[in-house]
Amino acid sequence: MFEATDGTHGYELWVTDGTAAGTQMVLDINPGSSGSNPSHITSLGNGTAVFDATDGTHFGELWITDGTAAGTHLDSNSNSTFVSYPRNFSVLSACYRRGTRILTDKGEVKIEELAIGDHVVTAAGETRPIRWIGRRAYDGRFIGGHRETLPIRIAADALSDGVPARDLWVSPGHSLYLDGVLVLAEHLINGATIVQADSVESVEYFHIELDTHDILIADGAPAESFVDCDNRLMFANGADYAELYPEDDRPGWEFCVPRLEWGADELTAIRARVLQRAEAQGHCIALDPDLHLVVGGAVVRPDSATGLLYRFTIPAGSAAIWLASRNTVPAELVPESRDTRRLGVPVERLVLSDGETVVEARHGHTLLCDGFHDNEATHRWTDGRARIPDRLLQPFVGAVTVDVHLIPSGLGYRLVNERRIAAAA
């Protein structure tokens, strides 16, 4: 069940027709009790509830979220049921994006054109009938910034020569079949050949279920079919399955091969190979963080950059000053790294002066919070865009010199063609 923010309650309910942001109602549902909107929400226990549409017939789309995740939705009619899931559970699980070509007995077919009863060809060369196809769609306004839902692009040839045959787009929790095991797409992101979209206008996902879990061929790459991990109702048509197969008693969570967890030694080896391919294909890493300031929306380059010291001059009356740089995720550059933070530069201290007054803020300063990670023993990382607190500027009335002192880190920054990624998304 979905764990609320304080362990007992705190759900948010967004009601929308799919074209507008919708209406928000905050729920307070505990197992066996009714919600804070009892005329429309009735708890059935164990986190499941019934939603009665306000007009008694239809209410558009139902989204359930704890305020930190994109949530789930159903096309809700009167007395539609929604089910919530654990916060650490991938919101979307595994899915293919619209347009993905699946190998069938009639050749490659776009996934949205397949139907129950059509036959797909598995990685083992077997022909198997489709039992069910799950479908769901998101408007980009609802999932912007939600990494657990935004699609991941696996570029052509990213895994091996000709694999995928063309760019393959899947959800973060979708597994690829590599070296005899299943690997989640989100565990392969390297910022070059395998990247995640930052935003989309919309995205439509599909998944294919066979009688048992198996490996399909999607855009020339081996990738999994649907396996029921108590997540069927996350699909808009999930409730239809019980009508099609009312006596289905097959066990869930039955994978055809092992699925690797984050941190597994086998995963490190696979990630290393994918990273090596990216470098061989010309995807470069830069050591220069391109550190600069953004003052009132304008870029201010350093007056000087000597080693780990960057000096800037900002005019009198400046506000909204941001310390900006390239950024990267260590785990996307180093196969054995498990650090998934997005890092900019490691700040040892900031020194502001006008020739008479000097203000110093070391890495442990409590005001360094907006765009800064937690303080560490010798430094504090930015996330690539960190705000210099306005209070540090209050003693000054004229122009100010800002010295940014960094520590050595050896961190590299992936240079990617962001326009290509955005166009593909």
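Q: How many of the 425 residues of the protein chain count as buried, as a percentage?
A: This is a predicted model. In the protein chain, 50% of the 425 residues count as buried. The accessible surface comes to about 19,100 Å², and 49% of that belongs to carbon and sulfur atoms.

Q: What does the secondary structure of the protein chain come to?
A: The chain has five helices and 33 strands. Contacts show how such a chain is joined up along its sequence. Among contacts between residues at least 6 apart in sequence, 63% join residues at least 24 apart.

Q: Which residues have the most contacts inside the largest nonpolar core?
A: In soluble globular proteins, nonpolar side chains tend to be buried together. Here the largest nonpolar core has 34 residues, and Tyr 96, Ile 154, Leu 176 and Ile 194 have the most contacts inside it. Among the elements that give two or more residues to this core are strands S14 (152–154), S16 (175–178) and S19 (202–209), along with helix H3. The most comes from H3, with three residues. A second, separate core has 30 residues, including Val 300, Phe 396, Val 400 and Leu 411.

Q: Is Ile 194 buried or exposed?
A: The relative accessible area of Ile 194 is 0%, so this residue is buried. Ile 194 lies in strand S18 (residues 194–196).

Q: Which residues is Leu 176 in contact with?
A: Setting aside neighbours within four places in sequence, the contacts of Leu 176 include Ile 154, Leu 159, Leu 168, Val 181 and Pro 222.

Q: Where is Arg 271 found, and which side chain of opposite charge is nearest?
A: Arg 271 is in helix H3, which spans residues 265–280. To read a charged residue, look for a partner of opposite charge. Arg 271 is buried yet has no salt bridge, and the nearest side chain of opposite charge, Glu 336, is 7.1 Å away.

Q: Which backbone oxygen does the side chain of Arg 271 reach?
A: The side chain of Arg 271 reaches the backbone oxygen of His 187 at 3.2 Å. Beyond residues up to four places away in sequence, Arg 271 also touches others, among them Leu 188, Trp 262, Ala 331 and Arg 338.

Definitions and conventions. Residues numbered from 1 in each chain as written. Predicted model: local features only at pLDDT ≥ 70, side-chain atom pairs only at ≥ 80, totals over all residues. Heavy atoms only, no water. Helix = DSSP H or I, 4+ residues; strand = E, 2+ residues; numbered from the N terminus. Buried < 20%, exposed > 50% of the residue type's maximum accessible area, 1.4 Å probe, protein only. Lys, Arg positive; Asp, Glu negative; His and termini not counted. Salt bridge = Lys/Arg side-chain N within 4 Å of Asp/Glu carboxyl O. Polar contact = N/O pair within 3.5 Å; in protein donor to acceptor, adjacent residues only side chain to side chain. Contact = heavy atoms within 4.5 Å. Areas by Shrake-Rupley, 256 points an atom, 1.4 Å probe, with all protein chains shown as cover. Core = buried A, V, L, I, M, F, W, Y, C linked by side-chain atoms within 4.5 Å.
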